[in-house]
Amino acid sequence: PPILARLEAEISASEDAAKKFELIAERAAYLVRIGNIEQARLGLADLRRTCGDGRFPRVSIRMMLAEGLIPYFENLSSAGWDRLRRAVALSAAMQFHDLSALAAAWLAHLDFHRANYESMGAAIEASFQSLDPMNFDAAARLHLVVADTYRYVGQRESADHHYRLAHRAAVCASDQAAIGALMYNRAAFGL
């Protein structure tokens, strides 16, 4: 996938340790999303040994995000919810708006599947507040959750609007996993 190729190239080219470790954690999260969970776990274990002491907060947040996604992509479990909640809290406290928007969007996703709608609404609001229009990763996930929510409550036009926004962001990010999720969710909701 294009995202993996980009991440691999950036990891190889990076001379800054913090940036390189963050890219490795970002790659781990993407590997989880495409089903390569064991490979992601190995990468996360290496990161934990190398820099699990918290000296690189962005790396820690990305690791929490990847670890929070593993149970969901492994067996549709929400057991990683607390890791995502911590990623949201830490990224907000550190004012890492890009990571805050992304982590909150994923937290909203898990909340939707847990039928925890009050928490989902708060996570959606937090993600929108932190979202930069050029943060295509976060925008794709956020709009997908919003679209699924609208579709779930029968507001098809609003759902279609957010599915289009999610698709546009996923294409801009070259995120084939998000495009696949979008296609699956639209089919599952009968659109």
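These legends accompany close-up views of a predicted model.

**View 1. The aromatic pair Tyr-72 and Phe-73 is edge-to-face.**
A search of the whole structure finds five aromatic pairs. In the pair formed by Tyr-72 and Phe-73, the ring centres are 5.2 Å apart. Their planes meet at 85 degrees, and an angle over 60 counts as edge-to-face. Tyr-72 is buried, because its relative accessibility of 10% falls under the 20% cut-off. Phe-73 is partly exposed, with a relative accessible area of 29%.

**View 2. Phe-73 also pairs with Trp-106.**
The centres of these two rings lie 5.8 Å apart. The angle between the planes is 65 degrees, and the pair is edge-to-face. Phe-73 belongs to helix H4, residues 57-75. Trp-106 belongs to helix H6, residues 97-113. The pair therefore ties together parts that are 33 residues apart in sequence. Trp-106 has a relative accessibility of 3%, so this residue counts as buried.

**View 3. Tyr-72, Phe-73 and Trp-106 make up one aromatic cluster.**
Phe-73 takes part in both pairs shown above, with Tyr-72 and with Trp-106.

**View 4. Arg-58 lies over the face of Phe-96.**
The distance from Arg-58 to the centre of the Phe-96 ring is 5.1 Å.

**View 5. Arg-114 places its charged end over the ring of Trp-81.**
Here the distance to the ring centre is 4.6 Å.

**View 6. Helix H7 spans residues 117-130.**
H7 has 14 residues. From its first C-alpha to its last, the helix reaches 20 Å. That is close to the 20 Å expected at 1.5 Å a residue.

**View 7. H7 has a buried side and a face turned away from it.**
The buried residues of H7 are Ser-119, Met-120, Ala-123, Ile-124, Ser-127 and Ser-130. They cover an arc of only 140 degrees around the axis, so they lie on the same side of H7. The face turned away from that buried side carries Glu-118 and Gln-129, which are exposed.

**View 8. Other helices cover the buried residues of H7.**
What covers these residues includes helix H5, residues 81-93. H6 is also part of the cover. So is helix H8, residues 136-152. H6 is the helix that holds Trp-106, seen in the view of the pair with Phe-73.

Terms used
Residues are numbered from 1 along each chain as its sequence is written. This is a predicted model: local features need pLDDT of at least 70, side-chain atom pairs count only at pLDDT 80 or more; totals for chains, interfaces and linings use all residues. Side-chain values use heavy atoms; hydrogens and water are left out. Rings of Phe, Tyr and Trp (its six-membered ring) pair if their centres lie within 6.5 Å; planes under 30 degrees apart count as stacked, over 60 as edge-to-face and the rest as tilted. Buried means under 20% relative accessible area, exposed over 50%, partly exposed in between (1.4 Å probe, protein chains only). Helices (H or I, at least four residues) and strands (E, at least two) are DSSP runs, numbered from the N terminus. A charge sits over a ring if NZ of Lys or CZ of Arg is within 6 Å of the ring centre and within 35 degrees of the ring normal. The expected span of a helix is 1.5 Å times one less than its number of residues. The arc is that of the directions from the helix axis to the C-beta atoms. Contact means heavy atoms within 4.5 Å.
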